[in-house]
Amino acid sequence: MIHQQKLLGKENWNFKLKEVFLIAVLDFKMKSSTDAHYLQSISLVNTGSGEIFHNGLGFKFLELPKFDKKEDELENELDKWVYMLKHMQSLRKIPEYLDKRIFQKIFNIAEMSRLTPEQRFIHDSDQQKKWEYQCVLDDHFEQGLEKGLEKGKLEISLELAREMKKENFDTLKIVQFTKLSIEVINNL
């Protein structure tokens with residue numbers, strides 16, 4: 001939002017607008033488009049002066065039917081993105097030329113969109129069960145870790161108290177260093 005760019009506490013706001021573009025992915029050719037290129041960059045023009053209103057404000061129209069490159073003809077990242085968008089419905093796996101880290105999420109979304117309502121319900125229910133199971137495991141792990149740390153501290157304190165007792169330390173000093181009760185120390 002443009003109003004969020006104002007710095008808090010500033011009375012005068014000398015702002016520079018960041019670039020704002022509407023990007024439309026179209027699965028049809030625009031009738032008003034005479035250009036054969038698949039990506040149209042449209043700027044807003046002041047009709048009174050004929051000048052561009054703002055360089056960082058405009059529209060990008062991606063006309064997928066105009067993109068006719070084959071997989072082995074892709075030259076740059078834009079080509080790869082457009083190819084993926086155009087062929088998303090027919091792609092069953094991520095093509096080797098795409099960076100799997102970036103495109104895996106897109107493919108997961110596309111796979112979900114192909115599910116029937118019944119399949120989606122089953123998937124969501126299964127996912128919920130997995131998340132609940134993981135929460136239980138995480139909770140038990142944390143509880144076990146806390147218990148283990150407490151037990152370890154107690155064992156260290158007991159060992160330290162035994163060693164201090166062998167060296168004839170005063171019982172109150174042993175209590176001070178180990179935080180064990182006098183009764184526990186006397187029973188060692």
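Helices (H or I, at least four residues) and strands (E, at least two) are DSSP runs, numbered from the N terminus.

**Figure 1. Overall fold of the predicted model.** The protein has five helices and three strands. Its elements follow the order β-β-β-α-α-α-α-α from the N terminus. Of its 188 residues, 20% are buried (under 20% relative accessible area; exposed is over 50%, partly exposed in between; 1.4 Å probe, protein chains only). Among contacts (heavy atoms within 4.5 Å) with a separation of 6 or more, 36% join residues 24 or more positions apart.

**Figure 2. Nonpolar surface patch with Phe21, Ile23, Val25 and Leu85.** Together these residues have about 340 Å² of accessible area (Shrake-Rupley method, 1.4 Å probe; for residues, only the protein chains shown count as cover). Patch residues have over 30% relative accessible area and no salt bridge; nonpolar side chains (Val, Leu, Ile, Met, Phe, Trp, Tyr) are joined within 5 Å, like charges within 9 Å. A salt bridge puts a side-chain nitrogen of Lys or Arg within 4 Å of a carboxyl oxygen of Asp or Glu. Strand β1 (residues 20–26) gives the most, three residues. Phe21 lies in strand β1. Phe21 is partly exposed, at 33% relative accessible area.

**Figure 3. Negative surface patch with Asp68, Glu71, Asp72 and Glu73.** Asp and Glu count as negative, Lys and Arg as positive; His and the chain ends are not counted. Each charge is placed at CG of Asp, CD of Glu, NZ of Lys or CZ of Arg. Asp68 sits in the loop between β3 (57–63) and α1 (77–87). Asp68 is exposed, with 59% relative accessible area.

**Notes.** Residues are numbered from 1 along each chain as its sequence is written, and side-chain values use heavy atoms, without hydrogens and water. In this predicted model, local features need pLDDT of at least 70 and side-chain atom pairs count only at pLDDT 80 or more, while totals for chains, interfaces and linings use all residues.
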